[in-house]
Amino acid sequence: MKIKTLLKAATAATVLAGPALAQDVTLRIQTHYNPEQTSGKLAAEFVQDVETMSGGAIDIEMFYASSVVATVETFDAAANGILDCDMTGGAYQTGKNAGFQFVGDIMGGYDTPYQQLSWLYYGGGLEQAQELYNEFGMQLIGWWVYGQESLVSSTPIAGPEDLKDWKFRSPPGMETEIFANLGASPIVMDFTEVFTAMETGIIEGTDYSGLANDESIGLFDLAKHATYPGFHSMPSDHLACNKTVWDGLSEQNQRIIETAMEKLALRSALYFEKANNEAAARLTEAGVTLHNWTAEDRATFRQAAQAAWDVWAEKSPEAKALVESHKAYLGQLGLLSSE
């Protein structure tokens, strides 16, 4: 009789504890990628992983292609409760604080996604960046880094000397300063304007994306030169959530999302390493010249980029702290430019 009573009590406790542990929750997340893009498909896998690992306790409503608010407004939408999480990138928020440059697109820093992710998880980067995100009511959960971008051009860009007066599409911010200091003529414009600008000769080239992505959108119908492997820019897309929402999740659910994010980071880096190499073979066969800058030329760019870091470091205490953190870790990896 006592055994039956104990079994009933244990069953009742399990039933009561079950929903509490499950903590059913819906998270509204926006990404700037389209569902048809490779990165969009990888984001969809992230959603499936979280929902499966949580046994359906976490439901993610993913909004693709910035369908709720503009890409640059995603961060604020999450911080203000319109969304729960932002799956774009920190570089869009440099207007808030220059420190976001160094969690969004470091420029001239690490050679591979694995080195950059290593700083985040083993170089004190996550803790350092978290202070910046928390100031704006957000929690940085993790990064997904697809690798180095390539410069595409209608003229050869075999080394720093070819940047002299080179007119190309550039994103705003630190990149324009770096290339201008190297003698180039960067022109800030939206992605949608690139094709017309190249066709009409307004620009000779563009900083658009990685080699496989550049090939997929038809850039090499207009240009027959590219840098590869890339070296200048390796954007970090982030998952950042409203801090109140994040703190309200159970530790179990937080761990599930963090684990799925780390898988997304690995899969992204692995996929694009393969895709870029395959694209390089196809493009070479099609007559595109791929310029692999020498170690000396790469060092020239890295030195110019890291000089710009020092200028941006003075824009805010957070930027300064992040620059110092990167420099310390880059020094350990042997990637810090010599003075």
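This is a predicted model: local features need pLDDT of at least 70, side-chain atom pairs count only at pLDDT 80 or more; totals for chains, interfaces and linings use all residues.

Residues are numbered from 1 along each chain as its sequence is written, and side-chain values use heavy atoms, with hydrogens and water left out.

Let's take the whole chain to begin with. Its secondary structure comes to 13 helices and 11 strands; these are DSSP runs numbered from the N terminus, with helices being H or I over at least four residues and strands being E over at least two. The C-alpha trace spans about 90 × 40 × 35 Å along its principal axes. The radius of gyration is 22 Å, which agrees with the value near 20 Å that a compact globule of 339 residues would have (taken over C-alpha atoms, with the globule rule being 2.2 Å times the number of residues to the power 0.38).

How much of the chain is buried? Buried residues make up 51% of the 339, where buried means under 20% relative accessible area, exposed means over 50%, and partly exposed is in between (1.4 Å probe, protein chains only). As for contacts (heavy atoms within 4.5 Å), 75% of those between residues at least 6 apart in sequence join residues at least 24 apart. The accessible surface comes to about 15,100 Å², and 54% of that belongs to carbon and sulfur atoms; the areas come from the Shrake-Rupley method with a 1.4 Å probe, and for residues only the protein chains shown count as cover.

Now for the pockets. On a 1 Å grid over the protein atoms alone, a pocket is an open set of points where a 1.4 Å probe fits, with protein on both sides within 12 Å along at least five of seven lines, and lining residues have an atom within 4 Å of a point. The largest pocket holds about 1,400 Å³ of space, with volume being the space filled by probe spheres set on the points, which are joined across faces, edges and corners. Its lining has 49 residues, and His32, Tyr92, Glu149, Phe191 and Tyr208 lie nearest its centre. Two or more residues come from each of α2 (38-53), α4 (101-104), α7 (174-181), α9 (211-216) and α11 (251-285), and α11 gives the most, with 6. The lining divides into 19 nonpolar, 19 polar and 11 charged residues (Ala, Val, Leu, Ile, Met, Phe, Trp, Tyr, Cys and Pro count as nonpolar, Asp, Glu, Lys and Arg as charged, and the others, Gly among them, as polar).

The second largest pocket has a volume of about 270 Å³. Of its 16 lining residues, Pro113, Gly147, Gln148, Glu273 and Asn276 lie nearest the centre. Here α5 (113-122) and α11 give two or more residues, and α11 again gives the most, with 5. By class, this lining has 7 nonpolar, 7 polar and 2 charged residues.

Finally, have a look at the backbone. A cis peptide bond joins Tyr228 and Pro229, with omega at about -5°, and Pro229 is found in the loop between β9 (225-227) and β10 (237-242). Which non-glycine residues have positive phi? One is Ser66, with phi near 50°, in the loop between β2 (58-63) and α3 (74-79). Ser66 is buried, with a relative accessible area of 15%. Another is Asp165, with phi near 60°, in the loop between β5 (151-153) and β6 (167-170). Asp165 is partly exposed, with a relative accessible area of 49%.
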